[in-house]
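Hi everyone, thanks for coming.

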Amino acid sequence: MTVAAAVLAVAGLWLLLLACTPGLRKRYVVAGFGAGRSIALDRAAVTSVVRDRVLDTDGVDSVRVRVGRRRARVRADLAFGDRAAAREQAGAAAREALADCRLNRPLRVGLRLRTTSTWDPSPPVPGAPSADAPDSESPPVAAGGAERKESP
């Protein structure tokens with residue numbers, strides 16, 4: 001009876017020690033490597049992959065990503081372009097990045113897209129004259145500010 005009590009006490013202490021150790025909480029196990037082997041990704045690695053993919057979306061200026069145990073929260077700032085199209089592209093990019101990580105337990109994606117204070121609903125057109133550039137149809141002005149007169 002004393003031996004059984006000592007074994008149960010040691011087993012209880014062992015279980016308490018295991019409960020206090022962190023384990024793989026900050027890592028995600030990658031699927032597809034058989035029963036004998038396993039590979040784990042760090043949360044920071046998953047965060048950087050998702051951030052890079054969402055930053056490649058047209059119009060997205062900056063991205064903040066927080067990856068938890070069950071969900072990836074993505075906050076993106078839109079600098080220009082259509083909000084609905086940018087939301088769809090950013091969400092697809094985040095889901096695709098998480099699918100490429102091949103995690104055992106797929107994460108849910110929460111996306112918040114907000115516009116910046118300088119948001120322009122139309123995308124910039126390359127080669128188009130800007131509002132600050134002088135018109136080519138206006139007459140040339142001399143350095144002193146007076147107009148040049150051509151002689152007949």
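**The sheet and its helices**

Here we have 3 strands forming an open sheet with mixed pairing, in the order S3-S4-S5. Strands here are DSSP runs of E with at least two residues, helices are runs of H or I with at least four, and both are numbered from the N terminus; two strands pair if DSSP finds at least two bridges between them. At the edges sit strand S3 (60-67) and strand S5 (108-120), each pairing on one side only. On average, neighbouring strands of this sheet are turned by 15° against each other, direction ignored.

A word on the source: this is a predicted model, where local features need pLDDT of at least 70 and side-chain atom pairs count only at pLDDT 80 or more, while totals for chains, interfaces and linings use all residues. Residues are numbered from 1 along each chain as its sequence is written, and side-chain values use heavy atoms, leaving out hydrogens and water.

Now the pairs. S3 and strand S4 (residues 71-80) are antiparallel, with 7 bridges, and they form a hairpin with 3 residues between them. Look for valine 65, which stands opposite valine 74 in S4.

Helix H2 (residues 43-55) packs on the sheet and touches S3 and S4, contact being heavy atoms within 4.5 Å. The direction of H2 makes about 155° with that of S3; axes are lines fitted to C-alpha atoms, for helices over the stretch in contact, and angles run from 0 to 180 degrees between N-to-C directions.

On to S4 and S5: they run parallel, joined by 9 bridges, and arginine 71 stands opposite arginine 108 in S5. Thanks, happy to chat!
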